[in-house]
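This report describes one protein chain, moving from individual residues to the chain as a whole. Please keep the sequence and the structure in view while reading.

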Amino acid sequence: MSSIQDKQAEIIDEFSMFDDWMQRYEYMIELGKSLPLIDEKYKTEDNIIKGCQSRVWVHAEKNDENIEFTADSDAVITKGIIAILIRVFSGQKPEDIMQADTQFIDEIGLKEHLSPTRANGLVSMIKQIKMYAIALNSSKNS
């Protein structure tokens, strides 16, 4: 299993292959199509990311020591964004998710190429993924 840092480095490499942001957006849309989709029963208000312009649902489940994430969105670019985050954080230990930095997002230039509302949504997605990690980490101790 690749570490969070390994997966972030892979994504940085992949994005560096594209010359412009139109190609990167197209790539993100492709990534969104391969997103592990959330089960319809988890598409509830509780799983909606607050602060996103479009609707994004994220569900987290603990399998053994690791957290598996599934998600969906009603917007193609947003689906690509959450697909990148799920790829990095799914299958990782809660402690690793909580401590991970998200510098790779700045390195690929994602935040600066999003509208302000989408950039806020990106921050909200990361915050929610880390909140799931905190919640699922503390549940193992109780």
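Predicted model: local features only at pLDDT ≥ 70, side-chain atom pairs only at ≥ 80, totals over all residues.

Leaving aside its neighbours within four places in sequence, which residues is Ile11 in contact with? With contact taken to mean heavy atoms within 4.5 Å, Ile11 is in contact with Ile84, Arg87, Val88, Phe104 and Ile108.

Residues are numbered from 1 along each chain as its sequence is written, and side-chain values use heavy atoms, with hydrogens and water left out.

**Overall architecture**

The protein chain contains 6 helices and 2 strands, and along the sequence these follow the pattern α-α-β-β-α-α-α-α. Helices (H or I, at least four residues) and strands (E, at least two) are DSSP runs, numbered from the N terminus. The C-alpha atoms fill a box of roughly 50 × 30 × 25 Å, taken along the principal axes. The radius of gyration of the protein chain is 14 Å, which agrees with the value near 14 Å that a compact globule of 142 residues would have; this radius is taken over C-alpha atoms, and the globule rule is 2.2 Å times the number of residues to the power 0.38.

Among contacts between residues at least 6 apart in sequence, 64% join residues at least 24 apart. Buried residues make up 47% of the 142 residues, where buried means under 20% relative accessible area, exposed means over 50%, and partly exposed lies in between (1.4 Å probe, protein chains only). The protein chain exposes about 7,500 Å², of which carbon and sulfur atoms supply 49%; accessible areas come from the Shrake-Rupley method with a 1.4 Å probe, and for residues only the protein chains shown count as cover.

As for charge, the mean positions of the 16 positive and 24 negative charges are 5 Å apart. In that count Lys and Arg are positive and Asp and Glu negative, with His and the chain ends not counted, and each charge is placed at NZ of Lys, CZ of Arg, CG of Asp or CD of Glu.

**The hairpin**

Strand β1 (residues 56-63) and strand β2 (residues 66-73) pair in the antiparallel sense over 8 bridges, pairing being assigned if DSSP finds at least two bridges between two strands. Within this arrangement, the bridge partner of Val58 in β2 is Ala71, while His59 stands opposite Thr70 in β2.

The hairpin has 2 residues between the strands, and Asp64 lies in this loop between β1 and β2. Asp64 has a positive phi of about 55° although it is not a glycine. Most residues other than glycine have a negative phi. Asp64 counts as exposed because its relative accessible area is 75%.

Ile11 belongs to helix α1 (residues 4-16) and counts as buried because its relative accessibility is 0%. Gln53, in the loop between α2 (21-33) and β1, is exposed at 52% relative accessibility, and, not counting residues up to four places away in sequence, touches Ser115, Thr117 and Arg118.

Lys43 is likewise found in the loop between α2 and β1; with a relative accessible area of 26% it is partly exposed, and, not counting residues up to four places away in sequence, Lys43 touches Ile38, Trp57 and Asp72. Lys93 is placed in the loop between α3 (76-89) and α4 (94-99) and is partly exposed at 36% relative accessibility. Leaving aside neighbours within four places in sequence, Lys93 is in contact with Glu65 and Asn66.

The table sets sequence separation beside C-alpha to C-alpha distance for one pair involving each of these residues.

| Pair | Separation in sequence | C-alpha distance |
|---|---|---|
| Ile11 and Leu31 | 20 residues | 11 Å |
| Gln53 and Gly91 | 38 residues | 27 Å |
| Lys93 and Asp72 | 21 residues | 22 Å |
| Lys43 and Glu26 | 17 residues | 26 Å |
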